Amino acid sequence: MPKTEETVEAKGPTFNGKYHYASGKRKTSIARVRLYEKGQGRIVINGKPFKKYLTVKETYGIVQSPLNITSHLKTFDISVIVIGGGMHSQSEAVRHGIAKALVEFDPELRGTLKKAGFLTRDSRIKERKKYGLKRARRAPQFSKR
């Protein structure tokens, strides 16, 4: 169900109209994604075009992969606010959010996205440090003599 009409002022383009919202997560990154209907395929992350925000070229394909696999590359304008983590973690959080928002837009896309593994939340995060150890599992060096 689309949310109410709202205008998002980004430093780049301005998006308005009905949108579908979802949040994506990966490691410590959290991406809040809005999929605006009747768009031209623009993706804005934290107020910047995504190719300027993501400096590593390998991450471009990660962000666009749910749109490529469902043939909706030029159908939506996408506005994303992402916090935490690194560049790769943020791009995977954005991918997760876009995939969830596409399912909200059209539930029939769920099978395609599920098969590609885009709807599954990758829950691997850094393990906490334990007392008596140097890191999560690294013990102090043992000296016999």
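Which residue in β7 does V44 stand opposite? In this predicted model, local features need pLDDT of at least 70 and side-chain atom pairs count only at pLDDT 80 or more, while totals for chains, interfaces and linings use all residues. Residues are numbered from 1 along each chain as its sequence is written, and side-chain values use heavy atoms, with hydrogens and water left out.

The chain contains 4 helices and 7 strands, where helices (H or I, at least four residues) and strands (E, at least two) are DSSP runs numbered from the N terminus. Five of the strands form an open sheet of mixed pairing in the order β3-β4-β7-β5-β6; two strands pair if DSSP finds at least two bridges between them. Strands β3 (19-26) and β6 (48-49) form the edges, each pairing on one side only. Within the sheet, β5 (residues 43-45) and β7 (residues 77-83) run parallel and are joined by 3 bridges. The residue of β7 opposite V44 is S79.

The largest nonpolar core has 27 residues, of which I45, I78 and I98 touch the most other members. Such a core is a set of buried Ala, Val, Leu, Ile, Met, Phe, Trp, Tyr and Cys residues joined through side-chain atoms within 4.5 Å, buried meaning under 20% relative accessible area (1.4 Å probe, protein chains only). Helix α3 gives the most to this core, with 7 residues. Beyond its neighbours within four places in sequence, I45 is in contact (heavy atoms within 4.5 Å) with F50, Y53, L54, V80, V82 and V94.

Across the chain, buried residues make up 39% of the 145 residues.

Definitions and conventions:
Buried means under 20% relative accessible area, exposed over 50%, partly exposed in between (1.4 Å probe, protein chains only).
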